[in-house]
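This briefing concerns a single predicted model. The notes that follow are grouped by topic for use beside the sequence and coordinates.

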Amino acid sequence: MREPINRDTRLALDLALTIRHDGNGGVADDLTDPADLTAWVRAHPEALPDTAPDRAHDHREGLPAGTAPQPADGDGGAAGFTADAAQLTAVRELRAAVRALFARAVRPGEPSAADAARLMPLPEAVRHLNETAARTPSVPVLDWPEGAAPVLRHQPVGPGDDLTAALAHAVIAFLASPDRDRLRACHAPRCVRYFLKDHPRQEWCKPSCGNRARVARHHQRHKAPA
């Protein structure tokens, strides 16, 4: 049975998976310019702290746990978000740290082939993640609408890098959670993804990768000697 994935875990994985196989033997980057980051954030409204309740207290009435309320167009938040070059650089640097820490998390397995030869040093990755998470100090704020359960959220107390700080918070929550032990790198031909293992016998991120791996093994076993 597939185990549920909480919001922090999904956000951390989705950030790492903006590095992917391009289908032609190489690696593609889904965050190459500010427009790419804009599209990604708008597809992940939970990445912005003003569009999501506190991750430890997702009890807003009418919404399932782990679901961020969707802002209306023109109301700001993810719908009105537009990335700039500085935010793109910050998110890409955070992603580099995340992928280095993912590589550590899958040990003794091999890391993703996408960046195995050029990973950020681990002490630097940990320091960068923690420093990024601290860029937006926040205070707890209680919302308690009439007829609904109280909701706790965290509100920034000053200007800061809300986007990358929120992403860093999600990554830290994931790496400190039991979900980290399920993290694996897929080593099927033409795949560079990280994924969460759903059952003990799972080796690949999806069935199509398993099929390619089995075909490759078959060809290797039956390859005529030179």
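**Trp 40 and the nonpolar cores**

Beyond the neighbours within four places in sequence, Trp 40 touches Leu 11, Asp 14, Leu 15, Thr 18, Leu 31, Ala 47 and Leu 167. Apart from the core described below lies another one of seven residues, including Cys 186, Ala 188, Cys 191 and Phe 195.

- The largest nonpolar core comprises 41 residues, and Trp 40 is listed with Leu 37, Phe 102, Leu 163, Leu 167 and Tyr 194 as having the most contacts inside it.
- Two or more residues of this core are supplied by each of helix 1 (7–16), helix 2, helix 3, helix 4 (122–133), helix 5 (162–175), strand 5 (183–185) and strand 6 (194–196).
- Helix 3 provides the largest share of this core, with nine residues.
- As background, nonpolar side chains in soluble globular proteins tend to be buried together.

**Helix 1**

- Nine of the ten residues of helix 1 are buried, and the helix is thus described as mostly covered.
- The buried set consists of Arg 7, Asp 8, Thr 9, Leu 11, Ala 12, Leu 13, Asp 14, Leu 15 and Ala 16.
- These buried residues pack against strand 1, helix 2, helix 3, helix 5, strand 5 and strand 6.
- Two residues of the buried set, Leu 11 and Leu 15, are also among the contacts of Trp 40.
- The N-terminal end of helix 1 is capped by Asn 6, with a side-chain oxygen 3.2 Å from the backbone nitrogen of Asp 8.

**Salt bridges**

- The whole structure contains nine salt bridges according to the search.
- One of them pairs Asp 30 with Arg 20, with the closest N and O atoms 2.8 Å apart.
- This pair links distant parts of the chain, ten residues apart: Asp 30 lies in the loop between strand 2 (27–29) and helix 2 (34–43), and Arg 20 lies in strand 1 (residues 19–21).
- Asp 30 counts as partly exposed because its relative accessible area is 28%, which falls between the limits of 20% and 50%.
- Arg 20 is likewise partly exposed, at 35% relative accessibility.
- A further salt bridge joins the side chains of Asp 29 and Arg 92, at 2.6 Å from N to O.
- Asp 29 in strand 2 and Arg 92 in helix 3 (residues 85–105) are 63 residues apart, and their pairing links distant parts of the chain.
- Asp 29 has a relative accessible area of 23% and is therefore partly exposed.
- Arg 92 is also partly exposed, with 33% relative accessibility.
- Asp 29 and Arg 92 belong, together with Arg 95, to a network of salt bridges.
- Arg 182 and Asp 179 form a salt bridge through their side chains, at 3.0 Å from N to O.

**Ala 185 in strand 5**

- Ala 185 belongs to strand 5.
- Its relative accessibility is 10%, so Ala 185 counts as buried.
- The C-alpha atoms of Ala 185 and Pro 111 are 5.8 Å apart, although 74 residues separate the two along the chain.
- Leaving aside neighbours within four places in sequence, Ala 185 contacts Val 106, Glu 110, Pro 111, Ser 112, Arg 193, Tyr 194 and Phe 195.
- Of these contacts, Tyr 194 is named among the residues with the most contacts inside the largest core, and Phe 195 is a member of the core of seven residues.

**Lys 197: a buried charge without a salt bridge**

- Lys 197 is located in the loop between strand 6 and helix 6 (207–222).
- Lys 197 is buried but has no salt bridge; Glu 203, the nearest side chain of opposite charge, is 8.1 Å away.
- The side chain of Lys 197 instead reaches the backbone oxygen of Pro 200, at 3.0 Å.
- Apart from neighbours within four places in sequence, Lys 197 contacts Arg 182, Arg 184 and Gln 202.

**Backbone geometry to check**

- The peptide bond between Arg 107 and Pro 108 is cis, with omega about 5 degrees.
- Pro 108 is placed in the loop between helix 3 and helix 4.
- Arg 190 has a phi near 65 degrees, a positive value in a residue other than glycine.
- Arg 190 lies in the loop between strand 5 and strand 6.

Conventions:
Residues numbered from 1 in each chain as written. Predicted model: local features only at pLDDT ≥ 70, side-chain atom pairs only at ≥ 80, totals over all residues. Heavy atoms only, no water. Salt bridge = Lys/Arg side-chain N within 4 Å of Asp/Glu carboxyl O. Helix = DSSP H or I, 4+ residues; strand = E, 2+ residues; numbered from the N terminus. Buried < 20%, exposed > 50% of the residue type's maximum accessible area, 1.4 Å probe, protein only. Core = buried A, V, L, I, M, F, W, Y, C linked by side-chain atoms within 4.5 Å. Contact = heavy atoms within 4.5 Å. Polar contact = N/O pair within 3.5 Å; in protein donor to acceptor, adjacent residues only side chain to side chain. Lys, Arg positive; Asp, Glu negative; His and termini not counted.
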